[in-house]
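The tour below goes from one selection to the next.

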Amino acid sequence: MRAAVFHEPGTPLAIENVDDPAPAEGQVVIAVKRCGICGTDLHATQEHDGLLLPGTVMGHEFAGEIVEVGANCPSDWKPGRKVTGMPSLSCGRCLPCRTGKPMQCESNIIVGLQQSGGFAEYMALDTHNSLLLPDSVDWVEGALIEPLAVGLHAVNMSADIRGKRVLILGAGPVGLAVSFWCRFMGAYHITVTEPEAIRRESALQFGADIGLASGAPEALLPEVEKAAGGMPDVIFECVGVPGMISEAIAYSRHGGEIIVVGFCARPDTFVPAAAMMKELSVRFVVAYDKADFDMIAGLLAMDKLDVTHMCTGTVGFKDFSQAFEGLRTPNAHCKIMLDPGIT
Ligand SMILES: [Zn+2]
Ligand SMILES: [Zn+2]
């Protein structure tokens with residue numbers, strides 16, 4: 001089969017012929033219909049962090065059709081069914097696994113980083129971390145469930161978003177998904193701060209009331225307050241670089257809430273007293289639960305979510321590497337997807 005293969009950081013993905021996957025016990029093989037490019041893919045291929053192994057096929061935002069069923073799969077997992085899933089091969093028995101959080105399983109293998117994923121014609125999936133989709137959910141919607149789930153999970157981890165003034169730091173795909181769900185769940189006012197003008201524009205299509213150019217909190221807070229009619233009640237940190245938690249603390253009102261969503265693997269510092277003096281609740285969140293996927297699939301099936309505008313480009317293998325590299329420079333794209341069926 002054809003696949004986009006990672007070889008080394010700084011080198012574009014190579015379109016190559018690789019072996020077809022075979023389903024292990026409890027697995028199915030799907031023909032990939034769409035697979036989105038994620039910021040994580042861009043980071044992982046730029047600087048080597050040890051997670052992404054040479055020879056791996058990336059891609060963890062996929063939807064496809066079952067073509068082969070392994071031993072001991074549930075009886076309704078049949079060829080022809082639509083599927084998406086969490087990009088996770090996990091033990092299936094530990095507490096995180098049994099409560100729908102396989103990304104926190106100690107033996108978790110991340111599909112698309114540590115094991116081959118969806119930038120290919122076919123991929124193997126664990127049935128226990130995947131879900132069958134109703135036929136009314138189309139391929140683009142199916143492949144958007146994963147990035148949408150990141151935002152839904154973060155918003156669900158807030159104590160209560162209803163009627164709140166929300167500030168979202170960063171309008172990358174994660175910040176945009178958070179904005180989308182804050183609106184859906186009944187936030188009162190949503191401000192997004194983001195350095196790129198083009199992304200501030202997109203935020204407005206994702207439920208935000210206003211997009212402001214990022215700046216130092218001391219300078220920007222009066223603007224944020226004026227826009228929302230008060231200081232933010234809930235702040236979502238969706239940038240993921242050192243210094244952002246400190247900024248979120250500075251923006252927060254007394255008794256406010258901070259949800260840290262931006263993934264940062266480097267040491268960071270903040271002054272605890274600054275958060276203590278406001279008695280802030282700070283919550284760190286990661287990825288999603290199976291329930292987030294199920295809820296989004298259900299809402300899509302009921303036509304309750306208008307999300308197809310999130311997919312801003314579709315390419316076949318021929319143009320894939322170029323499209324992938326193009327996302328490294330400022331651009332208006334929210335999500336570019338691979339369609340392996342495009343020749
Ligand atoms: Zn992702
Ligand atoms: Zn487990």
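Is glutamate 279 buried or exposed? Select it: glutamate 279 is exposed, because 10 other C-beta atoms lie within 10 Å. (A residue is buried if 20 or more other C-beta atoms lie within 10 Å of its own, exposed if 12 or fewer, and partly exposed in between, with C-beta atoms placed from the backbone.)

Before going on, note that this is a predicted model, in which local features need pLDDT of at least 70, side-chain atom pairs count only at pLDDT 80 or more, and totals for chains, interfaces and linings use all residues. Residues are numbered from 1 along each chain as its sequence is written, while chains are lettered from A and ligands numbered from 1 in the order in which they are written.

Stay with glutamate 279, in the loop between helix H8 (272-276) and strand E15 (281-284). Helices (H or I, at least four residues) and strands (E, at least two) are DSSP runs, numbered from the N terminus. The phi of glutamate 279 is near 45°, a positive value in a residue other than glycine.

Next, select alanine 287, in the loop between E15 and helix H9 (290-301). Its phi, near 50°, is also positive in a residue other than glycine. Alanine 287 counts as buried, because it has 20 C-beta neighbours inside 10 Å.

Now show the open sheet of six strands, ordered E12-E11-E10-E13-E14-E15 with parallel pairing. (Two strands pair if DSSP finds at least two bridges between them.) Strand E12 (210-212) and E15 stand at the edges with a single partner strand each, so one side of each has no neighbour in the sheet. Within the sheet, select strand E10 (residues 165-169) and strand E11 (residues 189-193), which run parallel and are joined by five bridges. Leucine 169 stands opposite threonine 193 in E11.

Finally, select helix H3 (residues 139-156) and helix H4 (residues 173-184), which pack at an angle of about 60° with their axes 8 Å apart. Axes are lines fitted to C-alpha atoms, for helices over the stretch in contact, and angles run from 0 to 180 degrees between N-to-C directions. H3 and H4 are therefore oblique to each other. (Angles under 35 degrees count as roughly parallel, over 145 as roughly antiparallel, 65 to 115 as roughly perpendicular and the rest as oblique.) Among the residues making the contact are Leu148 and Val155 of H3 and Phe180 and Trp181 of H4; two residues are in contact if their C-beta atoms, placed from the backbone, lie within 7 Å.
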